[in-house]
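Work through the exercises below with the sequence and the model side by side, and try each task before you read its solution.

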Amino acid sequence: MDQATIRRLSDEATDVLLNKNGTASSRRGGWMMIATILIEAWDLYALSFVLVFIKAEYKPTDFELGFLTAGVQGGALLGAILGGYIADRLGRKRVFVLTMVLFIVLAIAQGFSHSVWDLIIMRVLIGIPLGSDISNGYAYIMESMSKGARERMGSRWQGMFGIGEVISIVVITIMYVTGMDHAILWRVALVIGALPAVFLLLARLDLPETPLYLIQRGRFVKAKEVSLKLFNEPLDMLPNQDVHIDKPKVGDFLKVIWADPTKRRASIFAWISNACQGAEFTAFGFYLPVILITAGVGVASNANLTGTNIVTAAIYVLATISGFLAPAMIAKTGHRGVAMWGYGLAFLGLIAGAFALGNNIQWLIVLAAAVLMWGHYWDASNGMTIASMVAPARFKATASGFGYIFVKGASFFGAFVFPIMTKSWGPVGATLAVSVLSLIGFLSAKFILPEVYGYVEQEAAPEPSKLSA
């Protein structure tokens, strides 16, 4: 069978699966992938809640503090670059098992750091499996779930972030209230993240490889078996034997995206949105506990921080509700609508927050943070979904990883630069600077993003000669 015939049959099978209803096994796989967000949220935001204790012990410089808070984001940036490429070469299952094992080992190791630079190095290394797992996980969701269901699952990532944030602050507050020594508390808080990772690893071990990945690699026998399990689809159009399919070139990825107007505009928006929401949150939201403490919100006369943690937890609970409403909002307003509403609310929240910080109006600081978080959990809900959804099956993980580069690159920049901006410009100036990102996100949703709700990717692989022309 020649390559043209094989490619035609694999594209036909891909089109059938992208339009099929999934099974219970399909939904389970989606939840197992999106659950990674809980682990990342715990690790990332547990640090923000214990940062005050780490500062007291290590007394980091502004540069070291910025590097410490941005370390995971920098590592995840590298993980996103490598993870998508490796997942498209080795398969989804191999990568998500490897990333969980690495995270468990590194999460435990960070609790035994002896200096601020020990901790910084561990934070950077931890980011690598996290970034790889997210990019790989989105490819798994888009390839193993049915139309509509994969969009809703992918858009739940902010809701899962919110759950992880709330759980982390509740657990850390309980440890704080018990009077645990602060030098031990922050170490335990960071190490605890390994526990859910162990459970998730064990739950994932029996997940199958995605049928779309198997089809695009010519492993038709296994693809038929998995397709029956996930979609009740026998894929009778494929031969009952494995075949050789030429591996796609990474360089073809952007050429394919750029050749189609819908793919191009949707991907450009996804990259811009991922960058804006990544910096928008890590520049302000990540430092929210520190901002509230500095403004005196919830801080008792004896310097007890329980009140601040309760206020922060309440804001994150509200944000979590927003995150889980995002899929319903997308179904009602489309991807453009939820992005415009989200960025609009985030912009208003940041402007109000800057005013409140400048005038030390504590109740308005809390309200503005709540509006920002509600908007952020909408505007951040669909960037990764869109980037992965519109990409051809043979480039799903590459597209997810490429899209996640913008999230983590901007997050690293925001987390690293915000303390420096705050010191140079003051909290008001720094907050107003962040609001510009929300405005850019709003404008990109309005003028760049085509409506792609319900989009089903269709792309017959071009001949190599046409791609290289």
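Helices, like strands, are DSSP runs numbered from the N terminus, where a helix (H or I) has at least four residues and a strand (E) at least two. The model is predicted, so local features need pLDDT of at least 70 and side-chain atom pairs count only at pLDDT 80 or more, while totals for chains, interfaces and linings use all residues. Residues are numbered from 1 along each chain as its sequence is written, and side-chain values use heavy atoms, with hydrogens and water left out.

**Exercise 1.** Find the helix that holds Ser132, and decide whether Ser132 is buried or exposed.

*Solution.* Begin with the helix, which is α6. Next, take the accessibility: buried means under 20% relative accessible area, exposed over 50% and partly exposed in between (1.4 Å probe, protein chains only). Ser132 has 8% relative accessibility and therefore counts as buried. Finally, look at its surroundings, where a contact means heavy atoms within 4.5 Å: leaving aside residues up to four places away in sequence, Ser132 touches Gly79, Ala80, Gly83 and Thr99.

**Exercise 2.** Classify the ring pair of Phe63 and Phe67.

*Solution.* Start from the rule that rings of Phe, Tyr and Trp (its six-membered ring) pair if their centres lie within 6.5 Å, with planes under 30 degrees apart called stacked, over 60 edge-to-face and the rest tilted. The whole structure has 11 aromatic pairs. For Phe63 and Phe67 the centres are 5.9 Å apart and the planes stand at 70°, so this pair is edge-to-face. Both residues belong to helix α4 (residues 62–90), and because they are four residues apart, about one helical turn separates them.
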